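Please open the model in your viewer and keep the selection panel at hand. The stops below move from helices to a few backbone details.

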Amino acid sequence: MSISISKFLIQQDSTLEKAIKLINISSHKCLFVIDSKKKFIGTISDGDIRKYLIKNLDLNVSIKKVYNKNPKKVYTNSFNIDDIKKIFNDDYIDLLPVLNNKDRVVSIFSWRNLIDTSKEKIQSNSHVFILAGGKGTRLLPLTNKIPKPLIEIDGEPMIKKIIDKFRNQGFEKLYVSVNHEKKKVISFLKGTYKEQNFKINFINENKELGTIGSLRLIKDKLRVNNYIVINCDTLISYDFKNILQFHNKKKADITVLGSKTNISIPYGKLIHNKYNRIQNFFEKPTIEINLNVGCYIINKRIINLIPSNKKFDAPELILKAIKKRFKVFSYNISMHDWTEIGTRADFINFKNIINGS
């Protein structure tokens with residue numbers, strides 16, 4: 001099994017914020033906690049973090065207060081595959097570390113390599129569509145020589161992290177729309193997944209088609225009910241099975257992933273009547289808003305609302321669908337369940353958190 005171990009390790013004195021960021025960009029939902037001597041001492045999962053955040057909101061706290069100090073583990077030369085499968089089936093874990101006699105992680109077992117997920121079949125009625133044709137102007141100068149999808153986040157291109165996340169949730173049918181620097185993007189993806197018996201379907205944009213226009217170019221729309229459309233700068237650590245269940249239960253035409261956050265206004269807010277007589281005053285108010293994460297579940301029946309071969313953005317499709325009385329819903333995920341690296345400031349901030357600076 002060829003899993004890079006280093007990207008799953010986190011030092012015990014790291015902050016919770018760093019753990020969240022690393023899990024968001026990882027293809028799995030778990031990290032291995034090590035001490036200063038690289039000795040394995042526990043695990044921290046997205047579930048551990050959620051339980052902590054229900055009662056606490058401090059992201060600067062050390063993960064020492066959060067991680068699992070009694071995790072499942074096995075040692076080299078002292079296990080068999082049947083035992084491993086039983087652990088995954090009984091304990092519903094995502095990763096299992098293999099340790100040497102010095103308690104260092106030397107290998108990793110993933111449920112995806114061992115457990116048959118064919119029963120769920122969430123990929124049979126839903127395909128993934130990644131938008132990777134943009135120029136990445138907001139990431140300049142990083143994108144002067146490297147196309148936006150290939151910008152590396154913690155040692156791996158963003159688009160690979162997105163694809164691996166979906167593959168680990170059971171999705172096998174995947175489209176990538178390409179335009180700017182498409183030869184580099186196609187070459188990288190074909191080379192990366194060539195030996196993994198995994199085919200990526202490329203959608204070629206001959207011109208800029210916006211943030212949803214290229215979806216109209218799919219030729220086999222009758223073969224699947226829904227498309228998960230996501231930007232190539234958005235990493236989501238959330239079980240899409242739950243989102244698709246919501247989408248299907250509501251019989252939705254579009255489900256927009258949202259995330260609530262509070263924005264503090266640095267000025268006082270005046271409330272007055274039509275005669276400008278002040279009736280109330282709020283000093284630096286905080287407003288709750290619901291952000292658009294940049295990911296959508298699109299039912300095949302509304303794809304024809306997208307004009308052919310014209311630039312068309314996702315907000316335009318949503319407003320058009322609402323106007324025509326299609327069913328448009330939102331599904332909220334936590335702010336800790338997604339990461340966007342859409343600007344140079346996002347990239348720098350992310351690197352600072354990961355590197356502890």
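In this tour a residue is called buried when its relative accessible area is under 20%, exposed when over 50% and partly exposed in between, with a 1.4 Å probe and protein chains only. Helices (H or I, at least four residues) and strands (E, at least two) are DSSP runs, numbered from the N terminus. The model is predicted, and local features need pLDDT of at least 70, side-chain atom pairs count only at pLDDT 80 or more, while totals for chains, interfaces and linings use all residues. Residues are numbered from 1 along each chain as its sequence is written, and side-chain values use heavy atoms, with hydrogens and water left out.

Select helix α9, residues 344–355, where Phe347, Phe350, Ile353 and Ile354 are buried. Seen down the helix axis, the buried residues of α9 fall within an arc of 130° (taken from the directions from the axis to the C-beta atoms), so they line one face of the helix. On the other side of α9 you will find Ala345 and Asn355 exposed. Show the surroundings next: the buried residues of α9 pack against α1 (16–25), β8 (152–153) and β19 (338–340), contact being heavy atoms within 4.5 Å.

Move to helix α2, residues 46–55, whose buried residues are Asp46, Asp48, Ile49, Tyr52 and Leu53. These residues cover an arc of only 155° around the axis, which puts them on the same side of α2. Lys51, Ile54 and Lys55 are exposed on the other side of α2, whereas its buried residues pack against α1 and β3 (40–45).

Now display α5 (158–167) together with α6 (182–193), which pack at an angle of about 45° with their axes 11 Å apart; the axes are lines fitted to C-alpha atoms over the stretch in contact, and angles run from 0 to 180 degrees between N-to-C directions. That angle makes α5 oblique to α6, since under 35 degrees counts as roughly parallel, over 145 as roughly antiparallel, 65 to 115 as roughly perpendicular and the rest as oblique. Ile159, Lys160, Ile163, Asp164 and Arg167 in α5 meet Phe188, Leu189, Thr192 and Tyr193 in α6.

Finish with the backbone. Most residues other than glycine have a negative phi, and most peptide bonds are trans. The bond from Leu140 to Pro141 is cis, with omega near 5°, and Pro141 lies in the loop between β7 (126–131) and β8. Asp103 has a positive phi, near 60°, and counts as buried at 18% relative accessibility. Arg325 has phi near 65°, but counts as exposed at 77%.
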